[in-house]
Structure formats: structure tokens, C-alpha cells
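Work through the exercises below with the structure open. Each task is followed by a solution in steps.

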Amino acid sequence: MSVLPRIQEFAEELSEIRHDIHAHPELGFEETRTAGLVEEKLKAWGVDEVHTGIGGTGIVGVLHGKTPGNRTIGLRADMDALPIHESTGLPYESRNQGKMHACGHDSHTTMLLGAARYLAETRDFSGKVHLIFQPAEEGLGGARRMLEEGLFDRFPCDEIYGMHNDPNAPEGQVTVKPGPAMSGATFFDITIEGVGSHAAMPHQSRDPIIVATALVQQLQSVVSRNRPPAEPLVLSVTQIHAGSAYNVVPGTASISGTIRYFSEELRDLTHERIQELCAGLEKAYGVSIKPDLRNIFHVLMNDPELGQEYLKAAADVVGADNAIETEKFATGSEDFADMLRVVPGAYCRVGHAGSVPLHNPEYVLDDGILPIGASVFSRIVERRLPAAQ
């Protein structure tokens, strides 16, 4: 089997939908236009129920199969863009200054819409499908908000599946990593409060820049000297802010960054070491150091058995040679992990043509992925909820 024939018939329309979403990107919890388009399409294609305003701008569609059943599958896609100024020059380039679909969420939304249309037309399954369109995946906690607002109380699922585009993989290849697949993430901000002075009289200061640079270097020792060598850990300082003039030693400085990990034990160890390093430098330099460490993403855990089922569904679309179980960790994070902590399921990556990485202002997504993803979503439903004969 290849791309489902019916989905291939409306593949061009899927491209048009994605281009429309791409041209009008919206940041997390601001996806009102995107949500409106999703609602419009779901209703036009005969989805049985369309519920809006879940988790802010989230939407859930409910589809009933041709035969009754007591099981439900959830399919999830995210809708938000990134605060990046696009520089692709595409005819459908972002019209919203400083916002861009540089991570492919426009394709995720479109692929789930394609599956919704196909499944609404064919109904070749038993039970129900919940189509979950989530806001604010990019570090703003969209999945957690949907869960807090009773997502799975209102729309219970026995299994749930998601997917992500991947320009770093061969075109049409679908991969699933069983068990821990994507890293958990902490974001941190560390504020150093010293004493400012004239830059010509630095002895009158307690220079927070000196402390900040020392701290940046010492933070790297957590990875090199506290992490067990066989366990993945990333600690990246991504921001330093201090000062406003050439001749002033500032009174405060701040550093920010992220930690990526695959076990809660290693996360806790890293948090403890950062706090200890801050306390030690605080005493050594006579300043105040306030660390703020926030868990943003949990480790994404794929259910091994359901991961295999997902690969079987993908093999129906891309062939067995292109549906691959991988042992490679992804140090990127994904808040679908929060949903997988409540409902078992799996998350796959779908390769597409292109050479520019995600989160890049020149990133271009290949529309050829759209009917593939829509077909994989549809096949996992048909396989896991077979219609009674």
C-alpha cells in the first residue's frame, strides 16, 4: 500500500490549506485564525462534533465509526508558530512580522485535517476518534493547559498518537523510538544582584558580570563531571544580559538557558548542582544569586507495543523498509509527552525533502509529507479500531 488513494485525490487542497496557515502564523495561545480554519474544515467535512476553546484556542473533533465500539483513539497535532522572522521568499511567506512556522506545525495541523476528512468520508472503523488540535506547544504549556481543563475527562482515549516532520531524515521515512524518545526540558533564569559602580573604579563594585561568566563556565562541569557518562544530558546557556553603558559596572546580570535530559533522576541531580554552584559563588563573591528552574517538558515516552503498531500502520503507507524502529534519542522536546503520561501511545517522525533545519528562518517544508502523514494517521485508526464485518 502507498498513500491512501482518496487522500492523494485531495493532496493539492491539503497543500493550499497548509500554505494558508503558513502565511498567517500565530504564536501560542493566539491561534484564533488557525483554530477558526480548523473548525470550519471539520464542520464542512462532516465531523460529528466540534468542540472549541479547550486550553484557550484548542479544538477537539469527535468522529464515530461505521460500527459501534467501546474503544477510542486520539490523534493530536499542534498549531502554534515561532517568534522568528521568515526569510524564505516563498509566495506564501509569513504575512505576520516576526512570526513563522519554522517547526512545521502548519503541516501537523494539515495532516490531521487530511486524516479527519478521510475518516469522516470512509468511517471504516469502529468506536470513536478524537481529533485533538493543540495550541502552544513551543514551551508555553499548551498540552498541560488542555489536560488541566479536562481534556481526557471530556474526551477519553484508550490510545493516542502524534507525529512530527523531520527534514534531517530521508524523504518518506517514518521512525519510532521505543521508550524514552525525546528529552525532558528545564528552562532556567539566574539573576545575580551585585553592586554597581563607575567603570573607572571597579573596586567599589561587586561586579555581577564577573560572577555570571564564572557561573557559565562552572555550569558546564555538571555535564562533564556529575553526569554518568552513558546518560545523555545537555546544558546550554543561551542568554546573558547585563549593563547599559561603557563606563558603568552594572548592579545586576542574568543568564538563561535550558537543560535536556532523559531521566527524572538526572534532572533532579542537575537542578541540585546548579543550586549548589549558585550558593557557592554567592558566598565567594558576596553577591545575591537567585536561580529559577522550571520544568517545561517531560521526557516523551513511547509505549513499545503501540510504537510497533504505529510502525505497522506507517509501513502500509511508506513500505516496511521505510518504517523503522530507531534507538536514537532526540534531544529536542515535545509537550505531547504530557499527554503520553496520561494515555499510552506513540509519536513518530516523518522525513521530508529539504536541507535547512527546523527553527531556522530559511526553513522550507516539503508538501509531499502531507498525504503521507494524513495516511499514517488514518491507517493507525483503521488498524487499531477495525470495523466489524
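**Exercise 1.** Is strand β2 (residues 58–64) largely enclosed by the rest of the structure or largely exposed?

Solution. The model is a predicted one. Count the buried residues, where buried means under 20% relative accessible area. Six of the seven residues of β2 are buried, so the strand is largely enclosed by the rest of the structure.

**Exercise 2.** Find the strands that pair with β2.

Solution. Start with strand β1 (residues 49–54), which pairs with β2 in the antiparallel sense over four bridges. Val-50 has Gly-61 of β2 as its bridge partner. The two strands form a hairpin with three residues between them, and Gly-55 in the turn has a positive phi of about 70°. Next take strand β4 (residues 126–134): six bridges join β4 to β2, and the two run antiparallel. Here Gly-61 stands opposite Leu-131 of β4.

**Exercise 3.** Describe how helix α2 (residues 11–23) packs against helix α3 (residues 32–44).

Solution. The angle is about 155°, and the axes are 10 Å apart. Angles over 145 degrees count as roughly antiparallel, so α2 is roughly antiparallel to α3. The contact residues include Ile-17 and Ile-21 of α2 and Leu-37 of α3. In total, the contact residues divide into three nonpolar, one polar and four charged.

Key
Residues are numbered from 1 along each chain as its sequence is written. This is a predicted model: local features need pLDDT of at least 70, side-chain atom pairs count only at pLDDT 80 or more; totals for chains, interfaces and linings use all residues. Side-chain values use heavy atoms; hydrogens and water are left out. Axes are lines fitted to C-alpha atoms, for helices over the stretch in contact, and angles run from 0 to 180 degrees between N-to-C directions. Angles under 35 degrees count as roughly parallel, over 145 as roughly antiparallel, 65 to 115 as roughly perpendicular and the rest as oblique. Contact means heavy atoms within 4.5 Å. Ala, Val, Leu, Ile, Met, Phe, Trp, Tyr, Cys and Pro count as nonpolar, Asp, Glu, Lys and Arg as charged, and the others, Gly among them, as polar. Buried means under 20% relative accessible area, exposed over 50%, partly exposed in between (1.4 Å probe, protein chains only). Two strands pair if DSSP finds at least two bridges between them.
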